[in-house]
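Work through the exercises below with the sequence and the 3D view open. Try each task before reading its solution.

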Amino acid sequence: LSIRQTDMLRVKKIHFNNNFAYLINLKCPNYLLFLQIFINNEWQDSVSGKVFPVYNPATGEQICEVQEADKADVDKAVQAARLAFSLGSVWRRMDASERGRLLSKLADLVERDSVYLATIESLDSGKPFLPTLFVDLQGTIKTLRYFAGYADKIHGTSIPMDGEYLTFTRYEPIGVCGQIVPWNFPLMMTAWKLGPALACGNTVVLKPAEETPLTCLYMAALIKEAGFPPGVINILPGFGPTAGAAIASHMGIDKVAFTGSTEVGKLIQEAAGKSNLKRVTLELGGKNPNIIFADADLDLAVEEAHQGVFFNAGQCCTAGSRIYVEEPIYDEFVRRSVERAKRRIVGSPFDPMTEQGPQISREHQSRVLEFIQSGITEGAKLECGGKALGLKGFFIEPTVFSNVRDDMRIAREEIFGPVQQIMKFKTIDEVIERANNSDYGLVAAVFTKDISKAMTISTAMQAGTVWINCFNALSTQCPFGGYKMSGNGREMGENGLKEYSEVKTITIKMVAKNS
Amino acid sequence: TVTCTSAHILPCQRVRGIHHTIFVPLFHPQVFIGNEWHESCSGRKIPVYNPTTEKLLCEVEEADSDDVDKAVRSARAAFQMGSPWRSMDASDRGHLLNRLADLVERDRLLLATLEALNCGKVFLMAYFVDLMATIKTLRYYSGWADKIHGKTIPVDGEYFTYTRHEPIGVCGQIIPWNFPLMMFVWKIAPALCCGNTVVIKPAEQTPLSALHMAALIKEVAGFPPGVVNVLPGYGQTAGCAISHHMDIDKVAFTGSTAVGKLIQKAAGESNLKRVTLELGGKNPNIVFADLEYAVEQAHSGLFFNQGQCCLAGSRVFVEEPIYEEFVRRSVEKARSKVLGNPLLPGVDQGPQIDQKQFDKIMELIESGKREGATLECGGSPGGQQGLFIQPTVFSNVRDHMRIAKEEIFGPVQQIMCFRSINEVIQRANATQYGLAAGVFTNDINKALTVSSALQAGMVWVNCYNAMSIQCPFGGFKMSGNGRELGEYALQEYTEIKAVTIRISQKSS
């Protein structure tokens, strides 16, 4: 199927809930999609007139075309966001609890349309439908509800300072926040960004990944339906080097938040320094160690390690892609992991039996295959998989390497694909040192029944999240983020609010002080 | 006729109003234990009146100590380790409170009508103030449920230490008749948010909205049985049973200081249950010479809810230069108030809650006349029927008079004169109460000095009764202890456990 906006037989522009939407016929169902730029609660075409294609990675075919935002559109959006943020605006004067009500309303709407959103998300990103419905959509709704609850609980402090003064702090919103989200969890990452930013009272200019703009744009329609004032949230589909770069270097944006590769994260921080010193938070890559001791529950460890690296076709910043197994159980662990990997069902995202969908794009698939080749070349043992799967789409076989040495590329670099590395270790001090020997530091895990080992490892890991006898146990209440080059700042939990607040200290002279 | 929006088909209770008969679906005039409706163990019933007409509205089952025992057993079972309530995600507890808020919003008109009928509250106030606050309180605490954080702590020695903020357990809650629905929610919301189970006794005069809330709690269909138990009953019997109970872990009481003292005694005599009290007030409202719209604020600060507020600004201190003018304007405002049927629009003031309160207020008014205050207006029963009292203003009140010292809880305003800032601070603080205070001035130094100096849990500057659920509420001295609302309320419903684990080697 190939559908262009100009194909009037298959695409109809309609009025839907005060929005302009496109009704697109994709063989059987009609898909209601929003394909334009969203600024000031209005749908607009790009200033340049350019559009870009959006693909279904399970088939390689084009779904539709979306308006492409560039610097000129970013300028428009920033202007709208700045106006919505001005002192005395509807957004600034709103009760904090009312901001929370709007976020809660948005959560209700996402819940109402969750099956539909999961469908578009699957179509656009290749993520299997059922996990998308039960993990991504639930994560999205829960995140919005969590931050809805925080909006009127952001407390400053009153402070007993030296001198005849009454002093207190106000936690103010920072201002206009630029947010750039990735393609691996498009909708959920959008909620992770919007939740805390809006709870704290900021306005937002958000760019979804060019591979996966569709659910984010649908969310824009829900944002309008929920009743957010115009200009508070603006959504600009576009490319990193153009729209993303414009956001990172914009003189009128007060903060930029980015989730994506470490490589691009560095560019963002550079741009922030070169432009106006905007505040920067980054959630970047990981090469996360998963340490399995001999006393671990082996069944649990094998399954958790398997899911930990293969979930979302390996396209997770949290992928446990270096599995350190204590020598006594190493061989058995490898055997069971290979057997599990061979059983992993790769197929169409809409098949309920599918565990693993395609990689996001042809380019990405090639990258992963190249890593696999390097593993073979550098002397790791290819236990299973290793090849692309099928003719259409961008599928890769679940791949397991054993006898991996720490200096190999597959042990050092983030693959972001369904490739599992299993290494052997002897002592606890050795494995701590090897696990920490990385520029990354996002997450780590340890499987053991011994409380001392658990405490020692979790204290020693240079990682923002450490899991004990579990993996990918994430929840909105917990802060999430990286040490070292896995990023800076934390998202989620109470810590997430700090990144979206600017603290003002107010000191008033008192005639006489009393404790 | 009031049309009810509930679609359930269940036996209805006919509830008589003045000109209206309303059929209240889902209305169970019974004891609510374990998500079920029960008759009282004793078989006795409480008559519930409409204070506007003094006629019987209906009867409800009367809970006594046996019913309290039943309820506590149910609440204790619901609190067991491994129970559905204990093993639920904290965010799910929050979600249930949010769904309850949705149902209250759905039934807002019905609940406001019940409140107006049962309390004599002006309907529009019930709808816009009580109901709004009720809904917001539920939503506020639904947000806190999964944000109750303990700490990890860098202790000395080779240890890893963290705190758990656990629910206390079974909480007994006793609420008053002046804001029945709002007080119900002020109590259950933080308690449930923190994971406790609750045995709550509404005031014997005003059980109706509490019983409707019980029905809504059951309708949410997510609160496990025993988490919330509602026991209409009398203070001396059911209330006493709660405060003395050996298996209740905490008691929270809102009401008079006299009864608050009994509750604290009972807690000491029984099992040292944790106690929080929200009691009376004789709240000073201080007006400096440079601000005049204070008349309106001082007026509503006293007369709101027929004067039946713990926050009533019942000692208005006015700076000498504007004293005469202030009195004159206050009297004018008081005289313009319309007494009448609280269900009708255009009515400002309804009846007092019952004969006992009425008698107490009239007695205090007489004492004011006897002790030599100047009765500027009012001072007698209001027209119509038995429980109305005219808006009353006393001037030339001296601090030793009973009307200046005792909580009247009626539509009686005292206006005193002062000269200097130090004098008024000292006089304002010369009371065993300490709930709220107001200061009206444009001068930043006066505002800060007075607000720092006043012994009151809440101080309002250039406003009065400016309350919001995010802000802590509670009293100094004999106005109570502990705080409700805001984040502070969570402390009162939490028991802190510190867990210390030995580790082989510590690292900062």
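**Exercise 1. Aromatic pairs**

How many aromatic pairs does a search of the whole structure find over all chains?

Solution. The model is a predicted one. Over all chains, the search finds 29 aromatic pairs.

Step 1. Take one of these pairs, Phe38(A) with Trp43(A): the ring centres are 4.9 Å apart and the planes make an angle of 55°.

Step 2. Classify the pair. Planes under 30 degrees apart count as stacked and planes over 60 as edge-to-face, and the pair of Phe38(A) and Trp43(A) is tilted.

Step 3. Check the surroundings of both residues. Buried means under 20% relative accessible area. Phe38(A) has 0% and counts as buried; Trp43(A) has 11% and is buried.

Step 4. Ring pairs join Phe38(A) and Trp43(A) with Tyr31(A), Phe34(A), Tyr116(A) and Tyr218(A) in a cluster.

**Exercise 2. Charges over rings**

Find which ring lies under Lys153(A), and which ring lies under the charged end of Arg86(B).

Solution. Step 1. Lys153(A) lies over the face of Tyr140(B), at 3.9 Å from the centre of the ring. The lysine belongs to chain A and the tyrosine to chain B.

Step 1. For Arg86(B), the ring is that of Phe79(B), and the distance to its centre is 4.1 Å. Here both residues belong to chain B.

**Exercise 3. An annotated position**

Is Glu283(A) buried or exposed, and in which strand is it found?

Solution. Step 1. Start from the record. UniProt, in an unreviewed entry, places the feature "active site" at Glu283(A). Such an annotation may be inferred rather than shown by experiment.

Step 1. Locate the residue: Glu283(A) is in strand β14 of chain A, which covers residues 279–283.

Step 2. Apply the cut-off. Glu283(A) has a relative accessible area of 6%, so the residue is buried.

Step 3. List contacts, leaving aside neighbours within four places in sequence. Among the residues in contact with Glu283(A) are Phe258(A), Thr259(A), Leu442(A), Phe480(A), Ser486(A), Arg490(A) and Glu491(A).

**Exercise 4. A strand residue and a loop residue**

Compare the positions of Ser402(A) and Asp295(A): which secondary-structure setting does each have?

Solution. Step 1. Ser402(A) is in strand β20 of chain A, residues 399–402. Asp295(A) is in the loop between β15 (289–292) and α10 (298–310) of chain A.

Step 1. Ser402(A) has 2% relative accessibility and therefore counts as buried. Asp295(A), with a relative accessible area of 27%, is partly exposed.

Step 2. Not counting residues up to four places away in sequence, Ser402(A) touches Tyr330(A), Val334(A), Ala380(A), Lys381(A), Glu383(A) and Ile422(A). With residues up to four places away again left out, Asp295(A) touches Phe447(A), Thr448(A), Lys449(A), Asp450(A) and Lys453(A).

Step 3. The C-alpha atoms of Asp295(A) and Pro328(A) are separated by 9.7 Å, and the two residues are 33 residues apart along the chain.

**Exercise 5. Strand pairing in chain B**

In what order do the strands of the open sheet of 3 strands in chain B follow one another?

Solution. Step 1. The order is β7-β8-β22, and the pairing is antiparallel.

Step 1. Identify the edges. β7 (152–153) and β22 (494–502) each pair on one side only, which makes them the edge strands.

Step 2. Look at β8 (residues 159–167): this strand and β22(B) pair over 9 bridges. Within this part of the sheet, Tyr162(B) has Val499(B) in β22(B) as its bridge partner.

Step 3. Turn to another antiparallel pair, β5 (residues 45–50) and β6 (residues 55–61) of chain B, joined by 6 bridges. Ile46(B) stands opposite Val60(B) in β6(B).

Step 4. Examine the connection. β5(B) and β6(B) form a hairpin with 4 residues between them, and Glu54(B) in the turn has a positive phi of about 60°.

**Exercise 6. The fold of chain B**

Why does the radius of gyration of chain B agree with that of a compact globule?

Solution. Step 1. A compact globule with 508 residues would have a radius of gyration near 23 Å; chain B has 24 Å, so the two agree.

Step 1. The C-alpha trace of chain B spans about 75 × 65 × 40 Å along its principal axes.

Step 2. Chain B has 16 helices and 22 strands, and 59% of its 508 residues count as buried.

Note on methods:
Residues numbered from 1 in each chain as written. Chains lettered and ligands numbered in written order. Predicted model: local features only at pLDDT ≥ 70, side-chain atom pairs only at ≥ 80, totals over all residues. Heavy atoms only, no water. Helix = DSSP H or I, 4+ residues; strand = E, 2+ residues; numbered from the N terminus. Buried < 20%, exposed > 50% of the residue type's maximum accessible area, 1.4 Å probe, protein only. Contact = heavy atoms within 4.5 Å. Pairing = 2+ DSSP bridges. Phe/Tyr/Trp six-rings, centres within 6.5 Å; stacked < 30°, edge-to-face > 60°. Lys NZ or Arg CZ within 6 Å of the ring centre and 35° of its normal. Rg over C-alpha atoms; globule rule 2.2 N^0.38 Å.
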